[in-house]
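Morning, everyone. I'd like to walk you through a new structure today.

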Amino acid sequence: MTEVLKINVPGKAEYVGTVRLATAHVASYAGFDIDTVEDIKVAISEACTNIICHAHENPNFVYDVVLEVGGNVLTITVKDDGAGFGIEEYVTPVLGELQVGGLGIFIIRALMDEVDIQSEPGTGTNIRMTKHLQSIAV
Amino acid sequence: MAFSIGVNNNKEKSAWEIKLSGEVDISNAHLLKQQLDSSLAEAMQNIEIDAESLSYIDSTGLGVIIGTYGAIKKEGLWVKVANPRPNIKKLLNISGLEKVLCQ
């Protein structure tokens, strides 16, 4: 059985820590070890940060975080209906050539098992990522 | 966990010693940038970040450090990140920053 936690998050930087904390609790409850929980915390934060950086002109916008636990998998979806960005224009940073931006998506892809990012200018962003467990407590 | 910055001017090393505690993310990375900019405005010199008490940093925090590194490298100066915890060391490693900032 899949258990689902849905969070409706105000699109403010101050709430990213709240989402990070909630996700860490869910990942820990799902049975991930402490190192993997740390990875998942980084990934969810980067996803939320990406949404906030490419989101609404409306300062009061909200976005959705959905955490699904089941079938030995934790699936995290972060989505909004904001400005979005051209994912096809995203350029993977070249390691060793230090760049101020562009690290977030690179980090998410490095830490999670599967990552799917849908985003186009004007249609919002949907980031779906999964992490697999060998054995799960739920 | 709350975020705090400790600053010490180590004149012997010609370096700003920046001690970070807690978590750095999009909500407070600007405070780190303000502190680094302010310190460099006071004295343009090396920066050594003590990350022993830093429990978390995201790409916005790393971006601030990268930006500072890029700005002072031109002056022949360096930025170092010392004593990172394993989770932060991993992030520095996968982002390619470890070999630049942790030598």
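Before the helices, one term: an axis here is a line fitted to C-alpha atoms, and an angle runs from 0 to 180 degrees between N-to-C directions. Keep in mind that this is a predicted model.

Now look at helix α2 of chain A, residues 34–53. It lies across β2 (62–70), β3 (73–79) and β5 of chain A. Against β5(A), helix α2 runs at about 175°. Helix α3 of chain A, residues 103–111, lies across β4 and β5 of chain A. Its angle to β4(A) is about 150°.

Next, the sheet itself. It is open and has five strands, in the order β1-β2-β3-β5-β4 of chain A, with antiparallel pairing. From one strand to the next, the twist averages 10°. Take β4(A) and β5(A), residues 124–132: they pair in the antiparallel sense over seven bridges. In one of these strands, β5(A), Thr130(A) is the bridge partner of Glu114(A).

On to the cores. Which residues have the most contacts inside the largest nonpolar core? They are Ile47(B) and Leu101(B), in a core of 36 residues. Chain A takes part too: its α3 supplies at least two residues of this core. So do several elements of chain B, including β2 (15–24), α1 (29–42) and β3 (46–57). Leu101(B) touches Ile65(B), Tyr69(B) and Leu92(B), among others. A second, separate core has 33 residues, among them Val19(A), Ala24(A), Val37(A) and Tyr63(A).

Last topic: charges. Over all chains, there are 11 salt bridges. Lys41(A) forms one with Glu38(A), with the closest N and O atoms 3.5 Å apart. The two are three residues apart in helix α2 of chain A, so about one helical turn separates them. Are they buried or exposed? Both Lys41(A) and Glu38(A) are buried.

Lys90(B) forms a salt bridge with Asp39(A), and here the closest N and O atoms are 2.6 Å apart. Lys90(B) is in helix α3 of chain B and Asp39(A) in helix α2 of chain A, so this pair joins two chains. Lys90(B) counts as partly exposed because its relative accessibility is 36%. Asp39(A) is buried, at 10% relative accessible area.

One more item. Arg20(A), Glu23(B) and Asp25(B) are linked in a network of salt bridges. Thanks, everyone.

Technical notes:
Residues numbered from 1 in each chain as written. Chains lettered and ligands numbered in written order. Predicted model: local features only at pLDDT ≥ 70, side-chain atom pairs only at ≥ 80, totals over all residues. Heavy atoms only, no water. Pairing = 2+ DSSP bridges. Helix = DSSP H or I, 4+ residues; strand = E, 2+ residues; numbered from the N terminus. Contact = heavy atoms within 4.5 Å. Core = buried A, V, L, I, M, F, W, Y, C linked by side-chain atoms within 4.5 Å. Buried < 20%, exposed > 50% of the residue type's maximum accessible area, 1.4 Å probe, protein only. Salt bridge = Lys/Arg side-chain N within 4 Å of Asp/Glu carboxyl O. Lists of a residue's contacts leave out its neighbours within four places in sequence.
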